[in-house]
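Have the viewer open while you read.

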Amino acid sequence: MKPYDSIRDKKSQIRAMFDNIAPTYDRLNHIMSMNIDRLWRRRAVTAAVRHGGSDILDVATGTGDLAIELARRMPEARICGVDLSAEMLKVAEAKFAARGMAERISLSQGEAEHLEFADGTFDAVTVAFGVRNFEDIEGGLREMRRVLKSGGMLVVLELSTPSGGLFGAAYRLYSHIVLPKVGGLVSNDGKAYEYLPASVDEFPSPERFTDMMRAAGFDRCRARSQSFGTATIYTGLKI
């Protein structure tokens, strides 16, 4: 699906959407998730920390929250962040500078499906809340595997749709009614906050996504549910 219309390609619409909402993105993320997104990021980074390595790529880095946590937890590592949106990267740059991390984290504008790095460059590749926005998920998975070293790890943190029951019903009410209204009001881009929860519904199930990871060449793929199924952390190795 696409954020705004059916005519333009998804990639250009995603870029425009995140450029539009960049100034309010962090505030809304933390408020609307009640700061649980911070916990999920820490857990995703823990997987990368346990794997180890000195060269880490954060794809769809956005405003840099995961890159900051990586830099904090892996002080000897070199972190590189890539994102489609120039405006999101500007927010990230300001945050890195404020934390004295500007020299440790490099940023570039780019596409997940066409990463401008040589084969086997990174020990780990991370993505937080970005895979569902890829124009070509399978192509993005193959490309991230390409830039990993042999034995390197992919860590994906993505939102999920909880199963049925009262909690699932309450979550759907919140994500499809409350979030679009509040997000649209604060960001002045109602379409963006209609697209974002709808894109979670369209994202493959954890079982299907781990199958896609295996098809892209990853081994030892694992999906770990977070917070009653509202998010999932996926890991896989390039063997």
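What follows covers a helix contact, then a cavity. This is a predicted model, where local features need pLDDT of at least 70, side-chain atom pairs count only at pLDDT 80 or more, and totals for chains, interfaces and linings use all residues. Residues are numbered from 1 along each chain as its sequence is written, and side-chain values use heavy atoms, with hydrogens and water left out.

**Helix contact**
- The axes of α1 (residues 10-32) and α4 (residues 86-98) come within 7 Å and cross at roughly 30°.
- That makes α1 roughly parallel to α4 (angles under 35 degrees count as such).
- On the α1 side, F18, D19, A22, Y25 and D26 meet A86, E87, M88, V91 and K95 of α4, contact being heavy atoms within 4.5 Å.
- By class, this α1 and α4 contact has six nonpolar, no polar and four charged residues (Ala, Val, Leu, Ile, Met, Phe, Trp, Tyr, Cys and Pro are nonpolar, Asp, Glu, Lys and Arg charged, the others, Gly among them, polar).

**Cavity**
- The count comes to one cavity of 30 Å³ or more, a cavity being a set of points on a 1 Å grid over the protein atoms alone where a 1.4 Å probe fits but cannot get out.
- The largest cavity holds about 370 Å³ of space, the volume being what is filled by probe spheres set on the points.
- Its lining has 29 residues, with A60, T61, G62, D83 and G130 nearest the centre; lining residues have an atom within 4 Å of a point.
- α1 gives the largest share of that lining, five residues.
- The lining divides into 13 nonpolar, seven polar and nine charged residues.

Key:
Axes are lines fitted to C-alpha atoms, for helices over the stretch in contact, and angles run from 0 to 180 degrees between N-to-C directions. Helices (H or I, at least four residues) and strands (E, at least two) are DSSP runs, numbered from the N terminus. Angles under 35 degrees count as roughly parallel, over 145 as roughly antiparallel, 65 to 115 as roughly perpendicular and the rest as oblique. On a 1 Å grid over the protein atoms alone, a cavity is a set of points where a 1.4 Å probe fits but cannot get out, and a pocket is an open set with protein on both sides within 12 Å along at least five of seven lines; lining residues have an atom within 4 Å of a point.
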